[in-house]
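Dear colleague,

Please find below the structure that I am handing over to you.

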Amino acid sequence: MSVSLILLPLAVAAVAATHAATAGRDGEGRVVCEVQTRMRDETLLVAALRDTGAAVVAEPDAIIADWADVRAGFRRGEDGIWSAHFTGEVDEQRAVEAVRAIDAAYGRQVQRAVLERLRAQAPAAGLRLESEQVTEDASVRLVFAVEGRS
């Protein structure tokens with residue numbers, strides 16, 4: 001089976017919320033549906049795909065992800081919005097679940113990148129990391145102390 005998904009950035013998805021849960025068929029009879037996502041950064045998307053257990057090949061215009069019985073081809077349109085075309089042992093529900101899992105992994109990648117940036121830039125801003133706590137919901141609380149200035 002084959003399923004194509006349009007991966008709407010959250011900002012666009014808020015405007016197009018009614019479309020985000022719809023599905024239809026394209027001119028070739030393939031299932032096409034739109035899914036809300038926050039994925040924009042190619043590097044973070046590749047890392048997120050790997051986090052889901054995919055074998056990933058990044059090409060200049062596309063990202064190919066392979067799992068045991070499913071392949072997804074990701075392409076970014078001129079509008080900057082990613083689309084994913086799933087083939088193999090996949091139906092609409094499984095494709096949407098896969099995108100949600102990828103989106104969750106992407107969120108963790110974004111969090112990791114932001115934390116690294118905060119840790120790296122804190123000293124230049126006159127801050128010292130005093131403590132770091134990861135909560136049950138995987139959010140991270142950082143406490144910085146302002147370094148004394150003379």
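The structure contains two aromatic pairs, where rings of Phe, Tyr and Trp (its six-membered ring) pair if their centres lie within 6.5 Å, and planes under 30 degrees apart count as stacked, over 60 as edge-to-face and the rest as tilted. The ring centres of Trp 67 and Phe 86 are 6.5 Å apart and their planes stand at 15 degrees, so this pair is stacked. Trp 67 sits in the loop between strand S5 (62-66) and strand S6 (70-76), and Phe 86 in strand S7 (residues 82-88), so the pair ties together parts that are 19 residues apart in sequence. Strands (E, at least two residues) and helices (H or I, at least four) are DSSP runs, numbered from the N terminus.

The rings of Phe 74 and Phe 86 also have their centres 6.5 Å apart, but their planes are at 70 degrees, so this pair is edge-to-face. Phe 74 belongs to strand S6 and Phe 86 to strand S7, 12 residues apart. Together, Trp 67, Phe 74 and Phe 86 form one aromatic cluster.

Buried residues account for 33% of the 150 residues in the chain, whose secondary structure comprises four helices and nine strands.

Please note that this is a predicted model, in which local features need pLDDT of at least 70 and side-chain atom pairs count only at pLDDT 80 or more, while totals for chains, interfaces and linings use all residues. Residues are numbered from 1 along each chain as its sequence is written, and side-chain values use heavy atoms, with hydrogens and water left out.

Yours sincerely

Key. Buried < 20%, exposed > 50% of the residue type's maximum accessible area, 1.4 Å probe, protein only.
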